[in-house]
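Open the model in your viewer and keep the selection tool at hand.

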Amino acid sequence: MASSSSSPPLFYFFLIFLSVVSAVKLPLSPFSHSDQSPKDPYLSLRRLAESSIARAHKLKHGTSIKPDEDALSSTTTASATVVKSPLSPKSYGGYSVSLSFGTPSQTIPFVFDTGSSLVWFPCTSRYLCSDCNFSGLDPTQIPRFIPKNSSSSRVIGCQNPKCQFLFGANVQCRGCDPNTRNCTVPCPPYILQYGLGSTAGILLSEKLDFPDLTVPDFVVGCSIISTRQPAGIAGFGRGPESLPSQMKLKRFSHCLVSRRFDDTNVTTDLDLDTGSGHKSGSKTPGLIYTPFRKNPNVSNTAFLEYYYLNLRRIYVGSKHVKIPYKFLAPGTNGNGGSIVDSGSTFTFMERPVFELVAEEFATQMSNYTREKDLEKVSGLAPCFNISGKGDVTVPELIFEFKGGAKMELPLSNYFSFVGNADTVCLTVVSDNTVNPGGGTGPAIILGSFQQQNYLVEYDLENDRFGFAKKKCSP
C-alpha cells in the first residue's frame, strides 16, 4: 500500500516546469535485473526476501488520505468489453504490464500491483530515479511518458473532483477562492511510499488506450522523482484512483507464469472485464471461490484499499497448524487478518504465525540437516540439506479459506533450491519483531511467488476471490 502526503516546499522546484503542460488482454510478464546477475548467488534471493519484508511493513503500517467516493461517479469508459494485456515476470520480484496513454499513444511498462491504487508512470524527460540501478537497468534508460508530446494531457486542478481521489474532500487549495469554481491552482503534488522505494509527482488527466477500448479522462500520476522504482506502478487496489475503479471493472484475472521465466519473452494475459464477459453472479468454470472479507473500518484508510481474504486454516502436510484467531481475522483496531498482494514477492507471516508454520516444517523434515548458515545469508528459513537422501519428501503447504476453498500449493511455490541442488529453503518470510499481542495491520500477506501457475480472479461485482491451479506458461 502506498501512502500519500503533501510535499515539502523544495519539491515544487522539481514540479514547476510542469505548469506549462497543456493542461483487455494485456500481456503480464515478470520485472528484472536485466542480464546483470549478482555475483553472490544468494544476493538475489536475499534482496527478494528483504523487499518482501519491507513491502509488508509498508502494507501493515501505511497510511493514506481518505478519498471521496462521490468523485468516482464522473469517470466513464467507452464501452463494455473484455480487455486482455500480457503479463511477464521480472527477476527483481514483480510482474510487468504495458499500458498506453496519450494522443498519440505512448506505451509504458508498469509493475502490476493489487496492494496500492494509484496508476503512475515515470514522467517527463527530466525524470530522476535514485538507487534504481539495483534492477540492472540504467536509470537514464527507464521508459517515461512525455506529456508535451500528448495533445490529451491535462494537469488536474485542485477543485477538480478527481483531485479528491488522493487527497479527500477537504483538500487544501491554496490560492483558490472557495466561492468560485474557476481556480487554476493544480491538485497538490503527491508523495507515495512503497516498501524500500518512493515516488513523487502530480496528477494528470489522460487517455488510456487499449486495442478495442478507450478510457478518456483517466487519472494518472506523473512522477518526476523516485527512489528504487525502476518502473511505474499500475495500482489495482480498491481505491477510487485504481485502474479497476476508474474502468468500473466487474472482475479482473491473471495467471502468473513461473519465476523460471524471469526476464524472458514469456507472457500470460491479464484479463480486464468491464461487464460483457460474464453474466452477473456467474462463476468462471473450474475456479473455486471464497468471499472477500469486509475491510476493517478503522482510521487507517490504507486498509480500505486491500483485498482481505477469509483465511481459516493453514496445514503443513496433514497437520493443522493452530494459528490464534487474532491473526486470522482483523480486530476492531484493524490488526490481523490476511490480504492478497501481487506487489509482494514472498508471502509474509507475522512472527508468531511464521514460527508455528516453520517449526512444523522443521519437525516433519527432521531427517534433513538444517542449514543455519545458509539461512543467515539467504534471508530465508528454514533451509535444509537434502543431498544423498534419494527421493525427497516435503510436506504440503495448504491455505484453507472460508467456504472450504483450499489452495494446495505446488512444491515449487513454497520451497526453492538455494545456491545449489543440495539445499532448499522455505520461501515464506517474516521479520524479527515478536509481538504476542499481535502486530499492526494484516498478519498474513499472500505474495505473488505463491500464486505462480494459478488462475486467480478478483470478482469485484460479487466480492469474491477465485482460483485454480493452471499451467500459466505456453
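Is T199 buried or exposed? T199 has 2% relative accessibility, so it counts as buried (under 20% relative accessible area is buried, over 50% exposed, in between partly exposed, with a 1.4 Å probe and protein chains only).

This is a predicted model, in which local features need pLDDT of at least 70 and side-chain atom pairs pLDDT 80 or more, while totals for chains, interfaces and linings use all residues. Residues are numbered from 1 along each chain as its sequence is written, and side-chain values use heavy atoms, without hydrogens and water.

Stay on T199 and select strand 9 (residues 197-210), where it lies; helices (H or I, at least four residues) and strands (E, at least two) are DSSP runs numbered from the N terminus.

Now select strand 13 (residues 268-273), where 5 of 6 residues are buried. Strand 12 (residues 251-255) runs antiparallel to strand 13, with 4 bridges between them; strands pair if DSSP finds at least two bridges. Pick F252 and its bridge partner L272 in strand 13.

Finally, show the open antiparallel sheet of 4 strands, ordered 17-16-22-23. Strand 17 (319-321) and strand 23 (406-408) each have a single partner strand, so one side of each lacks a neighbour in the sheet. Between strand 16 (residues 311-316) and strand 17 there are 3 bridges, and V316 stands opposite K319.
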